[in-house]
Structure formats: structure tokens, C-alpha cells
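This briefing sets out selected structural features of the protein shown below.

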Amino acid sequence: VAKSLDTLQAETQCFMGIFLPTIDSLRTRLDQLKVTLRYAVPLANALLAALNRRFGHLEQRKDLLQASMSHPQFKLRWMNSDSAKMNGKAALLEAMQSVSGSGGAAENRHVNANTVDEFFCSYDSNIEFNSVSAELEMYFNDTSHDIDSLQCFPLVKKVFVAKNTALPSSAPVERLFSIGGQILTPQRNGLSDEHFEELLMLRANKHLEENH
């Protein structure tokens, strides 16, 4: 549960498409954990019931499915049943047809591999999609998990941009207030506003210096 919360409150790589796979993974892990639990089985059951009550109705929302389907890290990998995978593919196909403006009619679309990383476009240097369905199948056959791979799939990329809005979270703000409390202590209550702001910015961005 803590790992799921950390994932959904992350400051980077935070997309709406992460939501449904995270809930599904949490439910699966709780089900598996119940086998080894001795005393906390009622707690696991209560958590599962709460997940179904709070989020169960969201699993069939097309916009959330499309957000997950268009995220290269997930695609169909997080779905266990064939019916769920069919629904996911149909939802993404519908979104792709909508952004294509062609209603799925056959039309040639070219992607010049010179404009994208050749590592991700390992097939023909001049990629041609004769239909929306062709691009969909090639997207699902692509093994890359990296978001940059979407450069090879223009319609899927449009769906990703449209559906993967950031998950709103107050966690970054709360962390900033926590850091501020460590700086403005009773022993340092004479700090000016400007000095406090400078110290807060340095402390909050300390990881940038460590990375370099």
C-alpha cells in the first residue's frame, strides 16, 4: 500500500496511465499476501474491499484505459484476461481513430526515422502505416518500455498527450513545508524572508548537486 501511494504521488514519471495498473497490482499483491498471513487476513480483506468500493467503477472508464494503453510501460502487460485485453485494445483504437480524423479509413502515414532515435525505430527507416489498425498492432508488438518510443507511433503519441494528464497531488507541497520547518526553528527565528527563501531553495534542490 505504501509503495502504491509513493508511485501515485511521485514528482516525476507521474501520468494518469499509471493509475489503473497501480490499483490492479496492489489488488493482486494483497490477494497473494493473504496466503502467507496469519493474523492480518481481515486487514487484507478490508483493504481489498475498500479498493473495490472506491476504485472498482473506474476500471471500465475509457479515458483511463486509453491512458494506460498508450503508456509504453504498460500497454496490455498489466491485464490478466483476454476479455480485458480486447476491451483495452478497442478503447485505444477508438481514441486513435478520433485523433486521426479519418475514422479508421486507410491512409498512408510516414514516419521518418531520421527524426527519431534509431534505437526505438529498429524496423524500416521509412515507416509506413496503411491504417490506424496497422499502427496499433505495430505499437503493441514493439517491446520498448520507454516513452521516447512513442515518436515512432504518431497517433498513439497524440492519445498519450491527450489522456496522460498529471495526477494532482499535494505531496510535493507538503514536503516543501516539512523542509521549511527544519530550517525555521526556534533557534533560527531571526531569519529574514529572503534568507529563509534562499535556504529553502538550496535545501529542496540539494539532490541536484548530489547528482552532479
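**Structural briefing**

Glu194 counts as exposed, because its relative accessibility is 53%, and over 50% is the cut-off for that class. The model described here is a predicted one. Its elements comprise 10 helices and 2 strands.

**Overall architecture**

- Read from the N terminus, the order of elements is α-α-α-α-α-β-β-α-α-α-α-α.
- The protein has 212 residues, of which 35% count as buried.
- Among contacts between residues at least 6 apart in sequence, 59% join residues at least 24 apart.
- The accessible surface amounts to about 13,300 Å², and carbon and sulfur atoms account for 53% of it.

- Glu194 is part of helix 9, which spans residues 193-204.
- Together with Asp193, Glu197 and Glu198, Glu194 makes up a patch of negative charge on the surface.
- In an α-helix there are 3.6 residues a turn, so residues three or four places apart point the same way.

- Helix 4 (residues 62-69) is largely enclosed by the rest of the structure, because 6 of its 8 residues are buried.
- The buried residues of helix 4 are Leu64, Leu65, Gln66, Ala67, Ser68 and Met69.
- Their cover includes helix 2 (19-33), helix 5 (82-100), helix 6 (132-141) and helix 7 (154-163).
- Ala95, a residue of helix 5, is in contact with Gln66 and Val159, leaving aside neighbours within four places in sequence.
- Ala95 is itself buried, since its relative accessibility is 6%.
- The C-alpha atoms of Ala95 and Lys158 are 9.1 Å apart, although 63 residues separate the two in sequence.

**Loops on either side of helix 4**

- Leu58 is located in the loop between helix 3 (41-55) and helix 4.
- With a relative accessibility of 11%, Leu58 counts as buried.
- Beyond residues up to four places away in sequence, Leu58 touches Phe19, Leu20 and Leu64.
- Leu58 and Leu20 are 38 residues apart in sequence, with a C-alpha to C-alpha distance of 8.3 Å.
- Lys75 belongs to the loop between helix 4 and helix 5, and it counts as buried because its relative accessibility is 2%.
- The phi angle of Lys75 is near 50°, a positive value in a residue other than glycine.

**Salt bridges**

- Side chains of opposite charge can pair when their charged atoms come close.
- The structure contains 5 salt bridges, and three of these pairs are described here.
- Arg27 counts as buried at 15% relative accessibility, whereas Glu59 counts as partly exposed at 27%.
- Arg61 pairs with Asp63, the closest N and O atoms being 2.6 Å apart.
- Both partners count as partly exposed, Arg61 at 39% relative accessibility and Asp63 at 31%.
- Glu137 and Lys89 form a salt bridge with an N to O distance of 3.2 Å.
- That pair also links distant parts of the chain, joining Glu137 in helix 6 to Lys89 in helix 5, 48 residues apart.
- Glu137 is partly exposed at 36% relative accessibility, and Lys89 is partly exposed with a relative accessible area of 25%.

Notes
Residues numbered from 1 in each chain as written. Predicted model: local features only at pLDDT ≥ 70, side-chain atom pairs only at ≥ 80, totals over all residues. Heavy atoms only, no water. Buried < 20%, exposed > 50% of the residue type's maximum accessible area, 1.4 Å probe, protein only. Helix = DSSP H or I, 4+ residues; strand = E, 2+ residues; numbered from the N terminus. Contact = heavy atoms within 4.5 Å. Areas by Shrake-Rupley, 256 points an atom, 1.4 Å probe, with all protein chains shown as cover. Patch = residues over 30% accessible without salt bridge, like charges linked within 9 Å, V, L, I, M, F, W, Y side chains within 5 Å. Salt bridge = Lys/Arg side-chain N within 4 Å of Asp/Glu carboxyl O. Lys, Arg positive; Asp, Glu negative; His and termini not counted. Charge placed at Lys NZ, Arg CZ, Asp CG, Glu CD.
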